Structures are given as structure tokens and as C-alpha cells.
Amino acid sequence: MIVQEIMHWRRNRLLPEQYCDFLLNLYADEEEQAQLKRQGSLSATGKAIDAIQKATGLQWFLTLGTFTLISIIVFYFSRFPLIMQMAIILIGSIGLLWIGQRLRNKSETTGIAAIGIAMLLFLGGGLYIIDFHEWEHMLWKVGLLFLCSLLWIGCGILLKVPLLHLCGWLAALLVYGWMLYTYTEEPKWFEFQLYWLPLTGIFIWCCWFFHRSKKNIAAVLFVVGIVCWFLPEGYALLVDGGSMLLQLQLLIKIATSGAMLFLLRRRWMVWVI
């Protein structure tokens, strides 16, 4: 009787679905849970069939029209003028962002997936335009990556998607590394440290600054600061190749960072958790 009542609450949306799942896990035995899962899959299929059967002519027309429009854009994208290509990518990315944010109210995973596709559309579409128009200078791709990093950071903060926020900072670090590689000549071992270690201090300080009001932002900044701590060795490995001195530096840094994280765990855990 209790299980039937909970199912009644779920069907009529008297309680959120996650609360109903929690109650069913408490009161339903294994056989009942297996039966409910089968009924759930059947009901989902039934709902889809019912929605198709009840669809109006206007809904069918809009669905087919949207599919046709997307197909035309995909097939003839290369023939459009540059301004139109850029507008299509921008409008598509904004539309997917809007859809993803709406879907997050129903399914967090689906919404985040739509937001991720929007970000990839912006990056992939930009790379396609650069290659199609034969803009061969590397600065175009680096500029696009920098623009994407700003977009990812901003959307990650506004939409509260920490992974997107983190990817934005990592992309910005890639741009910074490219600038160092392009505009510096034969840096010394201590210059590798000077290029990256100040960023570690800046990000850790920003983590402390935001930890009282924005925990999710503070956690991302803390991770980026840790990444910057090890980037001098990674950058040196790409520029000069591996050496005994580089390996020794990396081992010392790993031991030092492990000791500092352990000794100061009561402080930094408050910042990020």
C-alpha cells in the first residue's frame, strides 16, 4: 500500500522524483523494485508514443521544418558568406546554451551535455572557418582559443558549471604558454619558474578571496593554482626535453606540495569544501 501511494505521488507530481526514488528504496523490496523499473521503462516508451499520437499538425510541421533547416545549413554552410557563417555559429551556440539551461531544471546531465555541445560548436565552428578561409597564421587559432577561454570562464561562473570554468582557465594557460614559446628565446631554468610560479600565488590568493562567498569558484581557482605549480616543469619538458635536473625539480615539487597540502589541510579544505 505504501509503495502504491508513493507511485501515486510520482504520477501526479505531488513530490519531486528524487524524493519518490528515495522512499521507494526504503519501502519496496527487490522484486517490487525490479517490477517498478520495468514499468518505468514501459511508461517512458508509452509516454513517447502517446506524445507522438497526440502531436498536432503544427507541431509536426515545426519539427520537420526545424530538421530541414538544420540539414540545409549543414549541407550549404561552406557556400554562405563569412558574416552569415559566423552568425550561424553564434546563434547556434547561444540557442544550445539556452536549451541546456532550461533542461537543467529537469535533468542536470542532459542540460550540462547541451551546454558542452554549445561550447564545442563555438570552438569547432571557429576552427572550421579559419581552415576554410585559409587563415594560416597561428595567431588566428590562438585568438579563437583565447576568446573561447573567456567564454568558458564567463559561462562556467554564470551558469555554475565548475568543469566549464576550469576548462576556460586551462585554455587561457595554453594561450599564455604559446606566447611564452613564441616571444622568448632560450629561457634559463629559473626563468621557467618565474614565468609560472607567480600565477600559482595569484590563483591561490583568489581562491582565499572567493572562498567565503563563492565556494565553486574558489575550488576551481585552487585546482588551477595547483596546475600552475607544476607547469614550469611541463613547459620546460616541451621546450628543452627531459633532463636529470628537470626530473629532480619535479620530484622536489611533488614532495613539497604533498607536505604543504598535508600540513595546511585544515586551511585549504575550508576554502574549497
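Helices (H or I, at least four residues) and strands (E, at least two) are taken here as DSSP runs, numbered from the N terminus. On that basis the protein holds 12 helices and zero strands, and its elements run α-α-α-α-α-α-α-α-α-α-α-α from the N terminus on. This is a predicted model, in which local features need pLDDT of at least 70 and side-chain atom pairs count only at pLDDT 80 or more, while totals for chains, interfaces and linings use all residues. Residues are numbered from 1 along each chain as its sequence is written, and side-chain values use heavy atoms, with hydrogens and water left out.

**Overall burial, surface and contacts**

- Of the 273 residues in the protein, 27% are buried, where buried means under 20% relative accessible area, exposed means over 50%, and partly exposed lies in between (1.4 Å probe, protein chains only).
- The accessible surface comes to about 19100 Å², and 70% of that surface belongs to carbon and sulfur atoms; accessible areas come from the Shrake-Rupley method with a 1.4 Å probe, and for residues only the protein chains shown count as cover.
- Among contacts (heavy atoms within 4.5 Å) with a separation of 6 or more, residues 24 or more positions apart account for 55%.

**Helix pairs**

- Two packed helices are described by the angle between their axes and the distance between the axes.
- Axes are lines fitted to C-alpha atoms, for helices over the stretch in contact, and angles run from 0 to 180 degrees between N-to-C directions.
- Angles under 35 degrees count as roughly parallel, over 145 as roughly antiparallel, 65 to 115 as roughly perpendicular, and the rest as oblique.
- The axes of α9 and helix α10 (residues 215-240) come within 7 Å and cross at roughly 175°, and α9 and α10 are therefore roughly antiparallel to each other.
- The residues of the contact of α9 with α10 divide into 21 nonpolar, three polar and three charged, with Ala, Val, Leu, Ile, Met, Phe, Trp, Tyr, Cys and Pro counted as nonpolar, Asp, Glu, Lys and Arg as charged, and the others, Gly among them, as polar.
- The axes of α10 and helix α12 (residues 265-272) also come within 7 Å, but cross at roughly 125°, which makes α10 oblique to α12.
- On the α10 side this contact is made by Lys215, Ala218, Ala219 and Phe222, and on the α12 side by Trp268, Val270, Trp271 and Val272; by class, it has seven nonpolar, no polar and one charged residues.

- Thr200, in helix α9 (residues 189-210), is buried, with a relative accessible area of 10%.
- Not counting residues up to four places away in sequence, Thr200 touches Gly225, Cys228 and Trp229, and its side chain reaches the backbone oxygen of Gly225 at 3.5 Å.
- Ser257, in helix α11 (residues 244-263), is buried, with a relative accessible area of 14%, and, leaving aside neighbours within four places in sequence, Ser257 is in contact with Trp229 and Phe230.

- Leu23 belongs to helix α2 (residues 17-27) and touches Ile6, Trp9 and Leu15, not counting residues up to four places away in sequence.
- Leu103, in helix α5 (residues 82-103), is partly exposed, with a relative accessible area of 30%, and, leaving aside neighbours within four places in sequence, Leu103 is in contact with Thr110 and Gly111.

How values were computed: A polar contact is a pair of N or O atoms within 3.5 Å; within protein, one must be able to donate a hydrogen and the other to accept it, and residues adjacent in sequence count only if both atoms are side-chain atoms.
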